[in-house]
Amino acid sequence: MGLIEDRLDEAAETAYSQPIPKTLGARIRFLLKQEKGVSRAEAARAVAEKIGKSQRTVERYRDDKIKSTKPETAALVEAEVKKLWQPIVKAKKLQAAITTGGIKVDVRAKFGFTSPKGTTNDPRYRRLTRRLDATTAAALFEAKAAGASEDDLAQIVADGLRDDYFTDGGTRATSLQQVELTGIDHIRFSIT
């Protein structure tokens, strides 16, 4: 795997920022909600099996009739919630990034330019921190999933920076055709 692909994976792994529910009752209600397609009693029974308690005790936790438990049980409930919580939050954040929010990139690399008249600008190091739009974020994740090369991923980032930073959405440097991104010293993505 290349640097850009590694950093995309890192951004996806750290995308979640929502803490898990705080109270025992809220955690139990979350676990019960994850038992889809079954009755309330069956869901309570399934959660009870996971945490080693009776169905009735789980129902009391759910209804906040019992607000605390032994540390071992509390740790077991927390572990079960964490196992299910983070993938849900991560999936929501990734979906938001590729549909509306975009992805933030912090990069230090050589940028070179090409214009239609054959003029070029020799590549030079720049450090940019910008938000790439949702279309670029979607293209990055799709290309990564399809097994694109490091150069292809770098070109997607360069195209996104061209549109956002260098041409400012088409309001300046309108003759700029190509931005090349090479010699990446540092790159980091964040999904917020």
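Predicted model: local features only at pLDDT ≥ 70, side-chain atom pairs only at ≥ 80, totals over all residues.

Two packed helices are described by the angle between their axes and the distance between the axes. Start with helix H2 (residues 24-34) and helix H4 (residues 55-62), which pack at about 115° with their axes 7 Å apart. On the H2 side you will find Leu-24, Gly-25, Ile-28, Arg-29 and Leu-32, and these meet Val-58, Tyr-61 and Arg-62 of H4. Sorted by class, the residues of this contact are 5 nonpolar, 1 polar and 2 charged.

Now turn to helix H1 (residues 3-13) and helix H7 (residues 150-166), whose axes are 8 Å apart at an angle of about 65°. Here Leu-3, Ile-4 and Glu-5 of H1 touch Glu-150, Leu-153 and Ala-154 of H7. This contact of H1 with H7 has 4 nonpolar and 2 charged residues, with no polar ones.

Staying with H7, its buried residues include Leu-153, Ala-154, Val-157 and Phe-166. Just after H7, Asp-168 has a positive phi of about 50°.

**Charges that pair**

Side chains of opposite charge can pair when their charged atoms come close. Across the whole structure, a search finds 15 salt bridges. Three of them are set out here:

| Salt bridge | N to O distance |
|---|---|
| Arg-188 and Glu-10 | 2.5 Å |
| Glu-59 and Arg-56 | 3.3 Å |
| Lys-82 and Glu-78 | 3.1 Å |

Which parts of the chain does the pair of Arg-188 and Glu-10 link? Arg-188 sits in strand E3 (residues 178-190) and Glu-10 in helix H1, 178 residues apart, so the pair links distant parts of the chain. Arg-7 joins in as well: Arg-7, Glu-10 and Arg-188 are linked in a network of salt bridges.

Glu-59 and Arg-56 both belong to H4, 3 residues apart, or about one turn of the helix. Lys-82 and Glu-78 both belong to helix H5, 4 residues apart, again about one turn.

**Buried or exposed?**

Glu-59 has a relative accessibility of 14%, so Glu-59 counts as buried, since buried means under 20%. Lys-83, in helix H5 (residues 71-101), is exposed, with a relative accessible area of 52%. Finally, Lys-83 and Ala-173 are 90 residues apart in sequence and 49 Å apart in space, C-alpha to C-alpha.

Methods. Residues numbered from 1 in each chain as written. Heavy atoms only, no water. Axes fitted to C-alpha atoms, helices over the stretch in contact; angles between N-to-C directions. Helix = DSSP H or I, 4+ residues; strand = E, 2+ residues; numbered from the N terminus. Contact = heavy atoms within 4.5 Å. Nonpolar A, V, L, I, M, F, W, Y, C, P; charged D, E, K, R; others polar. Buried < 20%, exposed > 50% of the residue type's maximum accessible area, 1.4 Å probe, protein only. Salt bridge = Lys/Arg side-chain N within 4 Å of Asp/Glu carboxyl O.
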